[in-house]
Amino acid sequence: MKEILTLAFARAVFVEFLSTLIFVFIGLGSALKWPSALPSILQISLAFGLAIGTLVQAFGHISGAHINPAVTIAFFVGNQISFLRTFFYVIAQLVGAIAGAGILYGVTPANTRGNLAINALNNNTTPGQALVVEIILTFQLAACIFASTDSRRSGNVGAPALSIGLSVAVGHLVGVSVQAEGPARTELPNMWLVFWVGPILGACLASLLYFYILVPYCMNMSDRVAIIKVQSPASSPPQGQHYS
């Protein structure tokens, strides 16, 4: 419990709330059907990608800027963050998403807001097809996040914020035609399997592949259990530490 009683932890949780609020506000706002200018797939993809890149650059050093329950759960599966941090991050992200959508609803004209561009299936896509798409798109996003923020990489690895932003944009360039990524943007209980299970499964598969097979950490079981129980608030973002 010591972890959650620190100012650093409170800041990190607040940042996850704030960044998810901003992300949802910008992303959904870009997808609304304004009568004078209907949104294009390119516009929506760039808005989501640029928003993520900006938020990762602004807040990544405070919380890791997960901004997605699937990403947070995948970090936990990869033994990078504690259970309590996972729990509070996901709650903050969900509340932030609701707040962002609520603000957008309040500032949008009634003839434009529609259903606020919530996740739905498009172009006669079946739930099974959409589930596979969600798994693949979230897999590539999570893999990009893990690799681009891994401090064990040597040499110049570029700008993580830019890489992650481009990964989100690429996912939306493909996914908008079928559906949109991210469990925090889904209306429950409609399509919960596609937009919750799909992203979480895809991110967790990427986590298992990256942290346990491709680039594993040398940790014994006691070290892994210690991380699950508590993670030092001084390590932010949590991923990228060396253990022996």
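**Entry 1: two helices**

At what angle do H3 and H6 pack, and how far apart are their axes? I looked this up in the model, which is predicted. H3 and H6 pack at an angle of about 60°, and their axes are 11 Å apart. The two helices are therefore oblique to each other. I also noted the hand of the crossing of H3 and H6, which is right-handed.

Next I looked up which residues meet. On the H3 side I found Ala70, Val71, Ala74 and Phe75, and these meet Thr138, Ile145 and Phe146 in H6.

**Entry 2: aromatic pairs**

I then turned to the aromatic rings. A search of the whole structure gives ten aromatic pairs. Why is the pair of phenylalanine 75 and phenylalanine 146 edge-to-face? The ring centres are 5.2 Å apart and the planes stand at 80°, and planes over 60 degrees apart count as edge-to-face. This pair links distant parts of the chain, for phenylalanine 75 belongs to helix H3 (residues 69-77) and phenylalanine 146 to helix H6 (residues 127-148), 71 residues apart.

Tyrosine 210 is buried at a relative accessible area of 10%, and phenylalanine 211 is buried at 1%.

Which residues form one aromatic cluster? I recorded Phe75, Phe146, Tyr210, Phe211 and Tyr217.

**Entry 3: charges over rings**

I looked for charged side chains over aromatic rings. The charged end of arginine 152 sits over the ring of tyrosine 217, 3.7 Å from its centre; tyrosine 217 is also a member of the aromatic cluster. Arginine 113 lies over the face of tyrosine 105, and here the distance to the ring centre is 3.9 Å.

**Entry 4: the whole protein**

Finally, I looked up the overall composition. How many helices and strands does the protein have? I found nine helices and zero strands, and from the N terminus on the elements run α-α-α-α-α-α-α-α-α. Of the 244 residues in the protein, 48% are buried. I also noted the contacts between residues at least 6 apart in sequence: 78% of them join residues at least 24 apart.

Terms used
Residues are numbered from 1 along each chain as its sequence is written. This is a predicted model: local features need pLDDT of at least 70, side-chain atom pairs count only at pLDDT 80 or more; totals for chains, interfaces and linings use all residues. Side-chain values use heavy atoms; hydrogens and water are left out. Rings of Phe, Tyr and Trp (its six-membered ring) pair if their centres lie within 6.5 Å; planes under 30 degrees apart count as stacked, over 60 as edge-to-face and the rest as tilted. Helices (H or I, at least four residues) and strands (E, at least two) are DSSP runs, numbered from the N terminus. Buried means under 20% relative accessible area, exposed over 50%, partly exposed in between (1.4 Å probe, protein chains only). A charge sits over a ring if NZ of Lys or CZ of Arg is within 6 Å of the ring centre and within 35 degrees of the ring normal. Axes are lines fitted to C-alpha atoms, for helices over the stretch in contact, and angles run from 0 to 180 degrees between N-to-C directions. Angles under 35 degrees count as roughly parallel, over 145 as roughly antiparallel, 65 to 115 as roughly perpendicular and the rest as oblique. A crossing is left-handed if the near helix is turned anticlockwise from the far one by less than a right angle, and right-handed if clockwise. Contact means heavy atoms within 4.5 Å.
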